[in-house]
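Here's a quick tour of a protein model for someone just starting out. Keep the 3D view open and click along as you read.

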Amino acid sequence: MSAQETETEQQPAWRLLLGYVRPHRWTLLLGALLALATGASGLALPLVARELIDDLSHDRPITGALLLMSGLVIANAAIGALGAYVLRRTAESVVLGARRTLSSYLLRLRIAAVDRSEPGDLMARITSDTTLLREVTTDSLVGLGTGGLTLVATVVMMGLVDPVLLAVTVGVILVAGTVLGVIVPRINRASREAQNAVGAMGASLERILGALRTIKASGAEHREEERIHEAAEESWRQSVRAAKWSAAAGNTAGLSMQIAFITVLAVGGGRVATGAIDVGTLVAFLLFVFYLMSPIQQVVGALTQYQTGAAALARIQEAQRLPAEPASRPAPLPSPGAEPAALAFEDVRFRYAEDLPYVHHGVTFAVPARGMTAFVGPSGAGKTTVFSLIERFYDPEAGVITLDGRDVTDWELPRLRSAIGYVEQDAPVLSGSLRDNLLLGNPDADEGELTRVLKTTRLDGLVAKLPQGLETLVGHRGTKLSGGERQRVAIARALLRRPRLLLLDEATSQLDAVNEAALRDTVADVARTTTVLVVAHRLSTVTMADRIVVMDAGRVRAVGTHRELVTADPLYAELAATQFLATA
Ligand SMILES: Nc1ncnc2c1ncn2[C@@H]1O[C@H](COP(=O)(O)OP(=O)(O)OP(=O)(O)O)[C@@H](O)[C@H]1O
C-alpha cells in the first residue's frame, strides 16, 4: 500500500475537506468577511433610520441621512453580491480541486482494483459526490465560522449581564445538543445511503449503455428499467429520510430556543422578585436569548449540511483508498531502430484474487529478442494472463518475470509499458476520431509513419473511402467500424509506438482472407525487427511462428515448432486438428 493510500485511510472526512479547502482558504476568508460585513452594514440601517426620524421630528434637513441611507443600501447590496460571488466561486474551485485529484487518481488505479469496482459507481463519485462539496464549503464551513463567532460573542455578552441566567440557557441548549447528537448521525447515514444509491444507478446505466444492443436483442429492457428505477427510488427514500432528520434537527434548535426563552423568563422573574437582578437586566438578557436564535440556527444548519458533505467525502475517500500505481511522468517511446526485447517467465504463480483459484501454477518459458512466439492452448489456459502480467496490470504471487534480463518490478512502470505494444483480443476503440485512436499511444508520430502503418494494416483503403478520412468519428467504442476494422486500428495503434515487444492477442473471430493474409505478412515483417508474442487462434499464425508455447491449465506443457509439436505433443496435435484447422 502506498504512502498516499495510508494517509487517506487515516484521515477523518473533515481533514480531507480541509485538504481540498486549504489552497482557497484566503478567498474563503474574504467571502466570509464580506458576508459578515453585509450583516454589519444591515445592522447599521436601523440606526440611520432612527437618525432620519430624529431629524424629521426636529425639522432638520434630512438630505444627509437620506444620502447615507441610500449609500448603505447600495453598499449592502454590492457587498452582499460580491460576498456571494466570492463564496460560490471558492466552492466551485474546491469542487474542481476534488474532481481533478480524483480523476487523476482513477487513471492510476490498478486493474485489480477496477476489476472489483463498478465503473458507473466510480463515475458517480467524481461527478455527483464532488458536487456535494460545494454546499459544504459555503453553507457549512462559512456558516459554522460566522454563526459560531456570533454565538460566542453573544454568550460572552450574556455572561456579563447575568451568569446565573446564562447557566440556565446553556442547560437548555445542552439538552437540545444531546437530542441533536442522536439526530445528526442519522442524517449522515441516510445521505450516505442516498449517494450509494446514486452510485448504483450510475453502475446500472453504465451496464446498460455498454450493452444496449444485447439488452434490446434479449428483450431485457423492462427488467433493466426496474433495476434503474429501484436505485433511483432508493436514493429518493434515503434523501427523504435525510430531509426528515434535517427538519427535526432544525426544529429541535428552534424549540430549544423557545424553551430557553420561557425558562429564562420564569427563572429571571424569580430573580427579579428576590431582588437579585433588576427588570432592565432581565429584558436585556431576554433580548440576547432572542438574538441567539439566528446563530444557533446557522450552526445547526451548518452541522446538518455537513453530514451530506461528509457522506460524499467518505465515498470520495473510499475511491482514493483503492490501490493505485505510483504517480510518475510519462516515458519516451523507444527510438526508431531500438533493439528488440527479450522476455522470460520463471516459475510464475498467479491468481486474480486471494479467493480465486490459481491461473498460473509455475509458468516458465523464455523468449529471445526478435522473432515470433505463439501461445496456444485451450480456452482459459492462462494465455491472455501472460500478457497482463508482462504489462504489470497484475503482479504474480511468486516467480519472476524479466524483460531484457531485468525483473519487471524493477522497471519504472511507464518505461516498461513504453517498450511494449499491446493489442487486446477485443481490440477496444475509443470514441473520437480515427486519427485520435491511431495516435493514442504516440501522439507525435509523423504523417509519413502514419501513412506507412495505415498501408501495412490495410487501413488506407478504409480511410480513402470515408468522406472525412482520418477525422471521421468512430462512435462510442468504435461502433461505426466493423470488427475487422477495429482489430486493424488496434494493431496500427500498437505499431505506431515502435514497440520493442509486441503483444498481440489474436481475435477469435475471422478477418476476411485478404486482410488476414496482409496482417500475417505485417506481423511476420514486424517480427524481423521486434519481439512478437501472439496468443494464436489460427493455424496460419502458428505455422509461421518461430516457436510455439503450449499452455494448459496454467502450465507450459511444451515448447517447439509446429512441425515438432504435432508429433511430440498430443494436446497440440489435437488443437491443430480441431480448433486451428477449422479456421485455416
Ligand atoms: N480479471 C479477471 N478476474 C478474475 N479471473 C479472471 C480474470 N481474467 C481472467 N480470469 C480467469 O483466468 C483464467 C485464464 O484466463 P485467460 O484469459 O488468461 O485465458 P486464455 O487462455 O487467454 O483463454 P482464451 O483463449 O479463452 O482467451 C480463466 O479461467 C478466467 O476465468
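Two strands count as paired if DSSP finds at least two bridges between them. Helices (H or I, at least four residues) and strands (E, at least two) are DSSP runs, numbered from the N terminus. With that in hand, look at L343, which stands opposite V367 in β2. What you're looking at is a predicted model, so local features need pLDDT of at least 70 and side-chain atom pairs count only at pLDDT 80 or more, while totals for chains, interfaces and linings use all residues. Residues are numbered from 1 along each chain as its sequence is written.

**How confident is the predictor?**

- pLDDT is the predictor's confidence in each residue, on a scale from 0 to 100.
- The chain averages a pLDDT of 87, and 96% of its residues reach 70 or more.
- Residues 1-8 stay under 50 in pLDDT. For that stretch, the model has 9 contacts beyond four places in sequence, where a contact means that two C-beta atoms, placed from the backbone, lie within 7 Å.
- For the complex, the predictor gives an ipTM of 0.96 and a pTM of 0.81.

**The transmembrane stretches**

- An unreviewed UniProt entry places the feature "transmembrane region" at residues 26-45, 65-87, 141-158, 164-184, 245-266 and 272-293. UniProt positions are given in the numbering used here, feature names are shortened, and annotations may be inferred rather than shown by experiment.
- What does the model show at residues 141-158? The chain there is 100% helix and 0% strand, with its end C-alpha atoms 25 Å apart.
- Residues 245-266 are also 100% helix and 0% strand, and their end C-alpha atoms lie 31 Å apart.

**Around the ligand**

- The ligand has 13 residues around it, and Y352, S379, K383, T384 and T385 come nearest. A residue is near a molecule or strand if its C-beta atom, placed from the backbone, lies within 6 Å of it.
- Sorted by class, this shell has 5 nonpolar, 6 polar and 2 charged residues. Here Ala, Val, Leu, Ile, Met, Phe, Trp, Tyr, Cys and Pro count as nonpolar, Asp, Glu, Lys and Arg as charged, and the others, Gly among them, as polar.
- Which helix gives the most to the shell? That's α11 (residues 383-390), with 3 residues.
- α11 is mostly covered, with 7 of its 8 residues buried. Buried means that 20 or more other C-beta atoms lie within 10 Å of a residue's own; exposed means 12 or fewer, partly exposed is in between, and C-beta atoms are placed from the backbone.
- The buried residues of α11 are K383, T385, V386, F387, S388, L389 and I390.
- After α11 comes R392, which has a positive phi near 60°.

**Strands running parallel**

- Strand β7 (residues 501-505) is largely enclosed by the rest of the structure, because 5 of its 5 residues are buried.
- Both of its faces are covered: β7 has L501, L503 and D505 buried on one side and L502 and L504 buried on the other.
- Strand β6 (residues 420-423) runs parallel to β7, joined by 4 bridges. Two places to check are G421, which stands opposite L502, and I420, whose bridge partner is L501.
- β6 is covered on both faces too, with I420 and Y422 buried on one side and G421 and V423 on the other.
- β7 also runs parallel to strand β8 (residues 531-535), with 5 bridges between them. D505 has V535 in β8 as its bridge partner.

**An antiparallel sheet**

- Four strands form an open sheet in the order β2-β1-β4-β5, with antiparallel pairing. Its edge strands, β2 (360-367) and β5 (406-407), each pair on one side only.
- Strand β1 (residues 343-350) is joined to β2 by 6 bridges, and the two run antiparallel.

**Loop residues worth a click**

- R458 sits in the loop between α14 (447-456) and α15 (460-465). Its phi is positive, near 60°, in a residue other than glycine. R458 is buried, with 21 other C-beta atoms within 10 Å.
- R498 is in the loop between α16 (483-495) and β7, and its phi is positive as well, near 50°. Is R498 buried or exposed? It counts as buried, because it has 23 C-beta neighbours inside 10 Å.
- L322 lies in the loop between α10 (279-320) and β1. With 19 C-beta neighbours inside 10 Å, L322 counts as partly exposed.
- Not counting residues up to four places away in sequence, L322 touches L109, A113 and S117. L322 and S117 are 205 residues apart along the chain, yet their C-alpha atoms are separated by 9.3 Å.
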